Amino acid sequence: MENVLEVKNIEKYYGNKSNLTKAIDNISFNVKKGEFIGIMGASGSGKTTLLNCISTIDRVTSGTIRVDGKDITKLKGNALNKFRREDLGFIFQDFNLLDTLTVYENIALALTIQREKPDVIDKKVKEVAKKLEISNILEKYPYQISGGQKQRCASARAVITNPSLVLADEPTGALDSKSARQLLEIFEKLNKELKTTILMVTHDAFTASYANRILFIKDGKIFNEIIKGDDSRKEFFEKIIDVQTLLGGELNDVI
Amino acid sequence: MMLFKLSLKNIKKSFKDYAIYFMTLILGVTIFYMFNSIESQEAMMQVNQSQKMIIELLTQLIGFVSGFVAIILAFLIIYANNFLIKRRKKEFGIYMTLGMGRRQISKILLFETVLIGIISLGVGLIIGIFGSQLMSILVSKLFEVDMTEFQFVFSKDAFLKTCIYFALMYLAVMIFNTISVSRYKLIDLLNAAKKNEKVIIKNPIICTIIFLVSCGVLGYAYYIVSAQAYTLTSFSKIWPVLVMGTVATLFLFWSLSGLMIKLVQTRKKTYLKDTNMFVLRQINNKINTTVVSMTVICLMLFITITILSTALSLKNTMTRELVEMTPVDINLYKTASLPESYVNRYGEEIVYTKEQVEDSRESVQYTLENAGFDMSLLKDVVEISTYTSPDLTWETYLKDVFDGVKAQFPGLAYGTYELIVKESEYNKVAKLYGLEEFNLNDNEYVMLCDFDNMVNIRNKELQIDGIITLCGKEYIPKYKECKSGYIMMSTSHTNTGIILVPDSCPLTEDMKEQQILIANYNANTDEEKQEIEDLFTRDDSYLIQNLDKNGIDLEGATRISIYDGSVGITTIIVFLAIYLGIIFLISSSAILALKQLTESSDNKLRYSVLRKIGADEKMINRSLFIQIGIFFALPIVIAIIHSIFGIQFALSTMSGIADVADLLSSIIATIVIIGFIYGIYFLATYFESKNIIKENN
């Protein structure tokens with residue numbers, strides 16, 4: 001299957017010659033179409049920097065990132081915005097919904113800024129809302145709905161444009177466990193039914209266990225990679241815990 | 001010293017944030033200085049005697065109004081300052097976590113206020129000093145003075161006054177700052193940025209109803225002030241209309257936001273295009289939270305537009321009316337048929353000298369020649385007499401409608417004798433003035449009256465019968481209404497009534513009330529005319545000296561004196577209107593600008609979300625521009641609609657019909673002034689907002 005994302009030898013340095021920090025130290029990996037990949041690592045491991053580089057919010061110091069074969073590290077100005085608008089979908093930890101807009105409008109906004117036709121917009125919003133089980137709250141404002149509903153609304157906004165890649169940054173970080181499970185089930189559904197490619201960054205083992213493949217990052221390098229394969233989610237979850245223990249888990253940060 | 005450095009750095013760093021604050025302060029100082037320096041304008045040095053008095057009055061009034069202006073500016077400055085403080089809550093929070101006390105924070109603010117104060121005062125005064133030179137040109141135009149040589153003027157009084165007033169304002173700001181800093185809680189300071197606005201949702205049906213009702217009420221108020229304007233004769237009748245307009249405006253803004261969303265939502269093509277949805281919600285939210293200030297700003301703009309355009313056109317209209325009302329150079333009159341003595345109403349006996357009594361039997365021309373005046377200095381001389389009869393007063397004239405009229409206007413002097421003039425004599429005057437001449441039968445008379453209120457009263461009687469009895473003979477009115485006409489010149493139509501009778505009417509010598517001489521100066525140039533004028537008006541002229549010596553009272557009105565007086569009054573009105581208008585304009589624009597900036601800084605997060613989901617800078621700037629544009633346009637559009645009716649009403653009450661061309665030119669002038677100041681604030685707000693929402697990558 002073709003690669004949606006090809007990350008090749010990327011490095012990201014902060015600071016200057018006398019005081020250099022390598023946030024990303026030579027990372028390479030590929031993501032195939034229809035994959036649900038998780039990236040795990042403790043805070044400070046470089047996983048957010050990696051996500052920022054892929055989402056073009058930040059620039060790499062060296063190396064290339066290709067999305068659908070295009071080298072996005074070379075993009076500038078409007079081409080960059082166009083790429084973000086059309087090829088990427090974002091899901092954030094704190095939802096990032098516009099509080100003055102209704103759920104319907106929040107979802108539709110992703111399409112209107114792409115200058116999609118009005119009739120198409122209406123149809124698409126209703127379709128995706130049905131899939132994400134938020135049809136009944138379309139006319140509500142963000143402050144009137146629960147955190148789980150908010151995140152599903154944000155997910156709807158991310159996938160409605162049919163992006164090549166959906167980037168999720170700690171999507172369950174602000175949710176209680178029940179809502180988190182619901183959301184992850186929806187991710188699974190999107191991934192299976194719509195063949196949406198999802199790249200999810202998390203530090204939570206349970207959340208990560210919904211992915212097909214997990215990359216572990218430590219000190220800016222890929223430390224380990226595990227694939228779910230035919231394992232059940234429970235088995236996969238235990239594998240993740242094993243790797244985390246190997247990594248030193250969260251304790252490393254405490255020391 | 002460290003605190004001082006901190007203040008200095010703060011100002012430097014946040015100079016962009018302070019731009020609108022600075023601009024408002026500088027504009028305030030400039031305007032304040034310019035208007036207070038009027039007294040020492042170069043043009044003022046060249047005006048004549050009667051205009052000097054007007055300028056003294058103007059200076060006094062401007063001094064008085066300046067107090068009011070200072071209060072407005074003080075509130076504005078405190079408001080603007082408060083906005084800046086709010087934006088810096090987090091900064092203060094950090095200072096406090098570092099162990100800085102409230103007192104030290106107050107000190108930082110104190111230094112900042114002093115610095116900003118000194119800079120803005122300095123810049124404002126410099127601009128003001130140069131700006132006041134422009135003012136000279138305006139002054140010379142209004143007073144119709146030729147400014148042959150230009151001289152640079154600096155007014156020390158205005159300078160000191162500006163410094164003192166603004167020092168007081170800054171002091172108020174300092175006190176206010178100290179109080180507000182002492183009230184802050186650390187936790188609120190640190191969390192200030194995180195507070196989320198609550199979205200107000202309105203029922204669209206209620207919105208629609210309220211919108212329609214407010215439109216209806218506004219329409220009714222418009223109808224009253226335009227079509228029914230003549231019923232609004234006193235303030236007690238006007239203020240309900242004003243209250244109606246104000247409340248309707250408030251509810252209009254309240255309902256407009258909810259309605260707007262519903263309306264646009266039905267037009268899917270507009271609604272689902274670009275960031276329109278977002279823009280719409282932003283505006284909706286903004287109007288919702290600022291209904292009251294929007295209303296206040298709208299009304300201030302309405303007042304500004306109305307007073308600026310009416311005051312400017314009033315000047316032109318009055319000048320034109322003056323030309324009409326002063327057809328000749330001079331009117332002179334004296335009391336005729338003086339008795340040898342009489343007892344006045346205080347019981348004192350007034351005795352007239354033999355010369356006085358004799359002179360009163362003679363013509364004005366006789367008096368003039370007697371005082372050594374050369375009659376060849378006058379041309380087109382017409383001399384007439386007016387008569388009165390104790391049998392014919394306002395009360396006896398209005399006999400049929402007297403009770404009703406008295407109930408309506410209890411203050412009128414109903415005992416006043418009616419003035420009577422002979423047909424042939426009046427026709428001579430009418431011919432000279434270019435007025436309508438009359439031809440009467442032996443039993444007819446004509447009522448001449450052009451003072452609006454009296455015309456209304458007299459017409460009531462004329463429509464019933466209007467028959468009068470004079471010297472034992474009955475006269476019927478030739479017309480069932482008053483005709484316009486007058487004998488004495490004045491600044492406006494003030495003839496309260498003259499009865500024109502046929503020459504056959506047996507009026508006797510002792511019924512003579514006044515002897516009136518009407519003439520033009522026999523001169524070609526303005527200088528020659530002024531020389532003759534001086535003979536009549538200057539206390540030291542030989543004519544006045546000789547008249548005084550004989551104790552003879554000769555009164556009069558001259559074209560030049562009427563002109564000067566009137567020009568002065570309109571000038572005062574124009575000056576005060578421009579002064580207040582500009583201050584109102586600055587205040588409303590500044591409040592709008594600050595409201596928008598608060599909004600922009602609160603909404604930083606929203607724009608970053610837009611960016612993250614792929615909206616490009618062009619789109620974001622466009623949405624910001626539309627938002628600010630609508631926010632600025634809304635109050636001024638409604639204010640313009642209000643003022644269309646306001647101007648009409650103001651003109652109809654002040655001076656009848658204004659010339660369309662006059663009105664147009666003054667409206668254009670108003671648009672230029674408002675467009676300039678409002679436009680500057682709009683642009684400054686747009687660029688500053690753009691700056692605020694910019695991501696610092």
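## Basis of the description

Residues are numbered from 1 along each chain as its sequence is written, and chains are lettered from A and ligands numbered from 1 in the order in which they are written. Because the model is predicted, local features need pLDDT of at least 70 and side-chain atom pairs count only at pLDDT 80 or more, whereas totals for chains, interfaces and linings use all residues.

## Domains and nonpolar cores

Chain B is divided into domain 1 (1-195), domain 2 (198-327 + 564-697) and domain 3 (354-550); such bounds come from an automatic or database domain assignment. The centres of domain 1 and domain 3 of chain B, taken over C-alpha atoms, are 56 Å apart.

The largest nonpolar core has 190 residues, of which A:I107, A:A108, A:A156, A:L167, B:M169 and B:A590 touch the most other members. A nonpolar core is a set of buried Ala, Val, Leu, Ile, Met, Phe, Trp, Tyr and Cys residues joined through C-beta atoms within 7 Å. A residue is buried if 20 or more other C-beta atoms lie within 10 Å of its own, exposed if 12 or fewer, and partly exposed in between, with C-beta atoms placed from the backbone. Helix α22 (residues 559-602) of chain B supplies the largest share of this core, 19 residues; helices (H or I, at least four residues) and strands (E, at least two) are DSSP runs, numbered from the N terminus. Domain 1 and domain 2 of chain B both give residues to this core, so it lies between them. Another core, of 48 residues, lies apart from it and includes B:V421, B:C482, B:I516 and B:I532.

## Helix packing in chain B

Helix α2 (residues 15-36) of chain B packs with α22(B) at an angle of about 175°, their axes being 10 Å apart. Axes are lines fitted to C-alpha atoms, for helices over the stretch in contact, and angles run from 0 to 180 degrees between N-to-C directions. The two helices α2(B) and α22(B) are therefore roughly antiparallel, a term for angles over 145 degrees. On α2(B) the contact involves B:I20, B:T24, B:L27, B:G28, B:I31 and B:F35. The residues of α22(B) in this contact include B:Y579, B:I586, B:A590 and B:L597. Two residues are in contact if their C-beta atoms, placed from the backbone, lie within 7 Å.

Elsewhere in chain B, B:L663 lies in helix α25 (residues 660-693) and counts as buried, with 21 C-beta neighbours inside 10 Å.

A:I107, one of the buried residues of α3(A), is in contact with A:A156. Leaving aside neighbours within four places in sequence, A:A156 also contacts A:V128, A:A129, A:L132 and A:I134.

## Sheets of chain A

An open sheet of six strands in chain A has the order β6-β7-β8-β3-β9-β10, with mixed pairing; two strands pair if DSSP finds at least two bridges between them. Strands β6 (88-91) and β10 (221-227) of chain A stand at the edges, each with a single partner strand, so one side of each is left without a neighbour in the sheet. The twist averages 20° from one strand to the next. Strand β9 (residues 213-218) of chain A pairs with β10(A) in the antiparallel sense over six bridges, and A:L215 has A:E225 as its bridge partner in β10(A). In the loop between β9 and β10 of chain A is A:D219, which has a positive phi of about 50° although it is not a glycine. A:D219 is partly exposed, with 15 other C-beta atoms within 10 Å.

A second open sheet of chain A has four strands in the order β2-β1-β4-β5, with antiparallel pairing. Its edge strands are β2 (19-32) and β5 (70-71) of chain A. Helix α1 (residues 47-54) of chain A packs on this sheet, touching β1, β2 and β4 of chain A. A:N9, in strand β1 (residues 3-16) of chain A, is exposed, with 11 other C-beta atoms within 10 Å.

Definitions and conventions: Parallel < 35°, antiparallel > 145°, perpendicular 65-115°, else oblique.
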